[in-house]
Amino acid sequence: MDWKQRAVDMSINQGLNARQISKELGVDYERCRAYIKRYRKANNMQRDCAGKERTIEDKMNDTKINRNGEITYNTQTVLEKGQDITPESIMAEKGLVPEEWEVVSFTKNVWQSQTREGEAIDLCQSKLTVRPNRVNEITFSDIDKFLEGKTFKNKMSVPKIKYNASGEVLEIDIADLHCGLLAWRNETGSDYDLHLCAERFLAGIKDIVVRANSKLFKDIYFCCLGDVIHIDNDMNTTTKGTIQQADGRIAKIFDFAFDTINTAIDMLRPLNAKIHYMYLCGNHDRNTGYYLAKCLHLANPDVDFDIAPNPQKAIHFGNVLVGLTHGDMPTKNKGTWLMHDYRKEFGESLFVEEHCGHIHTEESKMYNGIMVRSVMAQCGNSYWEHQQGYRSMRGIMCFVWNKEKGLRETWYYYDI
């Protein structure tokens, strides 16, 4: 056996290094070292830290677990025809579920080589680092397992709801109609006069009647929340004397308001519900509003009228208490008057609200534990409102109440 074979045997089987072998065989160190290196390279062999020889296939088992829980796989393999190395294929080979691991980094390098027999092969070296998912994500496999054999039959018994639709009450809030207000579109952005007032108002009532035909209302509360008429005297001023732009004299405006409201009441009669007319005074029509309610009362004896001059009133049925006012009282007093003036009804009610107008826009706020709703106005803007920048949707708001279940629906009619 010549020194070369002995050197290879000592390197592979005995684990000696080149310096030890050269000294044992009496061969030049550099020559011995170069031959052993060429032999290993030609036979795809290398030595690990323990001196054990490894072939290229052994490299596929290189695994490093880092302190932060990440795992790094260094792989080197001979590629089959059409084979591709991906993070998923590596994880599958290592027994990992790809959906449960997050790829931190992945690199690969492919090149051609040949065996000792001269056959061309494709080699791929890759490095993959993964870590467990940081959150428990639901995977498709989780969904498949859940749906497998799952029955969707509802096993819970749902009790029937006791609900009497015939016990509903319709509340129609007419706030700030301002019949007689005169506005010119070139000055205020839109026109408004007696004819437009009647046209818009009756169109809103017609819309309400169409909706109500599908209901079985027991009672209808027609609530005029003040300022139905724009002025309060022949001098075209409000009750306190503020001059207003009016469409004609007070007598003409009064007659027009009477005819308009009286027509609306006639339109509600086919609904076969008890009609209740609730009068509230406003800051524009403290006197004329009362006169209007008194005349309407005389013209409609079958309607239940509340025309008392009290500026705060309430309607109460079942579990419901609704306070009514124009809305021009101090903010600190909103809600509290209802608890004081209607103590008995307040104690018997589960659903308590206050409805008002005056600010010409929809607004809902809690005051002193009571929900206070300001409803929309239907009138156009006066010059002062327009100049001050006040803008809001115009229309009528209605509330559908059930004496046991409280507020069921809120209806909107917009003037568009």
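This is a predicted model: local features need pLDDT of at least 70, side-chain atom pairs count only at pLDDT 80 or more; totals for chains, interfaces and linings use all residues.
**Entry 1: a loop residue**

I count a residue as exposed when its relative accessible area is over 50% and as buried when that area is under 20%, with partly exposed in between. Asn272 has a relative accessible area of 70%, so I note it as exposed. Asn272 sits in the loop between helix H8 (250–268) and strand E9 (274–279). I also looked up its backbone: the phi of Asn272 is near 55 degrees, a positive value in a residue that is not glycine.

**Entry 2: another positive phi**

Next I turned to His358, which is not a glycine and yet has a positive phi of about 80 degrees. Where does His358 lie? I found it in the loop between strand E13 (351–356) and E14. His358 has a relative accessibility of 28%, so I put it down as partly exposed.

**Entry 3: along to E14**

I then checked a distance: 29 Å separates the C-alpha atoms of Lys365 and Leu181, which are 184 residues apart along the chain.

**Entry 4: helix H1**

Which residues of helix H1 (residues 3–12) are buried? I listed Ala7, Val8, Met10 and Ser11. These residues cover an arc of only 165 degrees around the axis, so they lie on the same side of H1.

A reminder to myself: strands of a sheet pair through backbone hydrogen bonds, either parallel or antiparallel. Here I traced an open sheet of four strands in the order E3-E4-E6-E5, with antiparallel pairing. Strand E3 (62–65) and strand E5 (101–114) are at the edges and have a single partner strand each, so one side of each has no neighbour in the sheet. On average, neighbouring strands of this sheet are turned by 10 degrees against each other, direction ignored.

Strand E4 (residues 71–78) and strand E6 (residues 120–132) are joined by eight bridges in the antiparallel sense. As an example to find on screen, Thr77 has Cys124 in E6 as its bridge partner.

**Entry 5: strand E16 and its partners**

Is strand E16 (residues 395–402) mostly covered or mostly open? I found it mostly covered, with eight of its eight residues buried. E16 pairs with strand E7 (residues 168–174) through six bridges, and the two run antiparallel. In that pairing I saw Ile172 opposite Cys398 in E16.

E16 also has eight bridges to strand E17 (residues 406–414), again antiparallel. Here I picked out Trp401, whose bridge partner in E17 is Leu407. The link from E16 to E17 is a hairpin through three residues.

**Entry 6: the largest pocket**

The largest pocket holds about 580 Å³ of space. It is lined by 28 residues, and those closest to its centre are His284, His360, Ser382, Trp384 and Glu385. How many residues of each class are in this lining? I wrote down eight nonpolar, 15 polar and five charged residues.

Technical notes
Residues are numbered from 1 along each chain as its sequence is written. Side-chain values use heavy atoms; hydrogens and water are left out. Buried means under 20% relative accessible area, exposed over 50%, partly exposed in between (1.4 Å probe, protein chains only). The arc is that of the directions from the helix axis to the C-beta atoms. On a 1 Å grid over the protein atoms alone, a cavity is a set of points where a 1.4 Å probe fits but cannot get out, and a pocket is an open set with protein on both sides within 12 Å along at least five of seven lines; lining residues have an atom within 4 Å of a point. Grid points are joined across faces, edges and corners, and a volume is the space filled by probe spheres set on the points. Ala, Val, Leu, Ile, Met, Phe, Trp, Tyr, Cys and Pro count as nonpolar, Asp, Glu, Lys and Arg as charged, and the others, Gly among them, as polar. Two strands pair if DSSP finds at least two bridges between them. Axes are lines fitted to C-alpha atoms, for helices over the stretch in contact, and angles run from 0 to 180 degrees between N-to-C directions.
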